[in-house]
Amino acid sequence: MNRKLTALLAAMALALAATGCGGGSGGDSGKITLGFSQVGSESGWREANTKSVKESAQAAGIDLKFSDAQQKQENQIATIRSYIQQKVDVIAFSPVVVTGWDAVLKEAQAAKIPVVLTDRAVDSDPSLYVSFLGSDFVKEGEAVGDWVLDEYKDATGPVNIVQLEGTVGSAPAIDRKKGFESKIAANPNLKVIASQSGDFTRADGKEVMQAILKANPKIDLLFAHNDDMGLGAIQAIEEAGKKPGVDIKIVTIDAVHDGMQALADGKINFIAECSPLLGDQLMDIVKKIKAGQPVDKRIVTTETTFTQQQAAEALPTRKY
Ligand code: AHR
């Protein structure tokens with residue numbers, strides 16, 4: 001073989017390796033290749049979820065290609081298309097929002113690459129993905145609503161409630177609101193006087209709560225769709241000279257470390273857990289798919305709830 005041809009073949013081999021085109025079942029390393037598109041790094045929950053996915057992939061010997069979409073759907077779609085081009089074995093993603101996935105999911109299906117949804121749902125035809133692993137967000141909203149119903153069962157006048165919603169159009173924001181509002185509807189004294197998105201971030205939670213506090217002199221309870229927005233709101237409440245957990249009761253969802261600490265400290269009153277530890281179950285699903293074994297279409301994460309005392313007891317051994 002002449003030198004020019006040898007060099008050309010070597011260059012082609014390098015280019016294929018860089019794009020992961022040797023992938024397929026096995027790839028260059030003989031490992032399963034998983035392309036994972038993460039929502040972003042908006043919250044403590046998300047950081048714990050990313051850590052879980054990365055650690056579990058390593059422990060399972062799966063070659064993980066990871067990308068952070070910075071809470072933008074267009075970034076996720078571009079990443080998924082790049083995973084299709086790279087011919088990864090399986091694609092997993094946590095969709096920023098519920099709608100708008102049909103085209104890219106059809107492209108993955110046409111390329112015969114199985115897709116697994118983690119954490120959040122889409123409204124596409126279920127035949128376009130193999131499995132959906134994650135929480136029941138409606139149930140989380142209902143758990144918080146049940147606590148509020150019980151807390152105010154003897155109320156004789158209006159209870160003014162503020163809701164900090166998650167990212168607009170995302171499954172957890174839609175479902176938690178639905179679950180919560182369906183429960184509190186049982187007591188006409190419970191009134192949602194303001195409900196706005198804080199995009200699941202601490203900074204937005206603080207800013208939105210500051211504006212709501214200015215416009216509403218009497219707030220009895222805050223329901224934040226995640227701990228981070230609740231923690232941002234706590235700063236706003238304290239800066240307004242009020243005592244979080246006492247002057248304004250606070251209920252949230254997630255139970256990440258900082259939220260649990262605030263609960264144990266009496267600044268939050270109740271948290272419904274949303275587990276970010278999806279990594280091990282995801283790797284099991286990926287392995288089963290590659291082995292041609294059946295996987296459940298819907299796998300719901302096991303979760304609990306925490307009072308202030310339960311948070312103080314759980315904190316020392318909490319993993320995230
Ligand atoms: O999809 C899960 C939600 O997304 C978590 O409750 C929240 O903290 C995160 O940003």
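**Reading a predicted model: helices, sheet and cores**

D150 is found in helix α5, residues 137-151. The model is predicted.

User: Why is D150 called partly exposed?
Analyst: Its relative accessibility is 46%. Buried means under 20% and exposed means over 50%. The value of 46% falls in between, so D150 counts as partly exposed.

User: How far is D150 from P95?
Analyst: Their C-alpha atoms are separated by 34 Å. Along the chain, the two are 55 residues apart.

User: How do you know that the span of helix α7 agrees with its number of residues?
Analyst: Helix α7 has 14 residues, 202-215. The expected span is 1.5 Å times one less than the number of residues. That gives 20 Å for α7. The end C-alpha atoms are 20 Å apart, so the two agree.

User: What makes T201 a cap of α7?
Analyst: A side-chain oxygen of T201 lies 3.1 Å from the backbone nitrogen of D204. A polar contact needs N or O atoms within 3.5 Å.

User: Which residues of α7 are buried, and what covers them?
Analyst: The buried ones are G205, K206, V208, M209, I212 and L213. Their cover includes β6 (159-165), β7 (190-197), β8 (221-224) and α8 (227-239).

User: What makes β7 and β12 the edge strands?
Analyst: Six strands form an open sheet, ordered β7-β6-β8-β9-β10-β12, with mixed pairing. Each of β7 and β12 (305-306) pairs on one side only.

User: How do you know that β9 and β10 pair?
Analyst: Pairing takes at least two bridges. Strands β9 (249-254) and β10 (270-273) have four, in the parallel sense. Within β10, F270 is the bridge partner of V251.

User: Which helices pack on the sheet?
Analyst: Helix α6 (171-184) does, touching β6, β7, β8 and β9. Its direction makes about 165° with that of β6. Helix α9 (257-264) also packs there, touching β10 and β12. Its direction makes about 150° with that of β10.

User: What makes L164 stand out in the largest nonpolar core?
Analyst: The core has 29 residues, and L164, M209, L222 and M260 touch the most other members. Two or more residues come from each of β6, α7, β8, α8, α9 and α11 (308-314). The largest share, six residues, is from α8. Beyond four places away in sequence, the residues L164 touches include V208, I212, L222 and M229. Apart from this core lies another of 23 residues, among them Y152, I161, L221 and I253.

Key: Residues numbered from 1 in each chain as written. Predicted model: local features only at pLDDT ≥ 70, side-chain atom pairs only at ≥ 80, totals over all residues. Heavy atoms only, no water. Buried < 20%, exposed > 50% of the residue type's maximum accessible area, 1.4 Å probe, protein only. Contact = heavy atoms within 4.5 Å. Polar contact = N/O pair within 3.5 Å; in protein donor to acceptor, adjacent residues only side chain to side chain. Axes fitted to C-alpha atoms, helices over the stretch in contact; angles between N-to-C directions. Core = buried A, V, L, I, M, F, W, Y, C linked by side-chain atoms within 4.5 Å.
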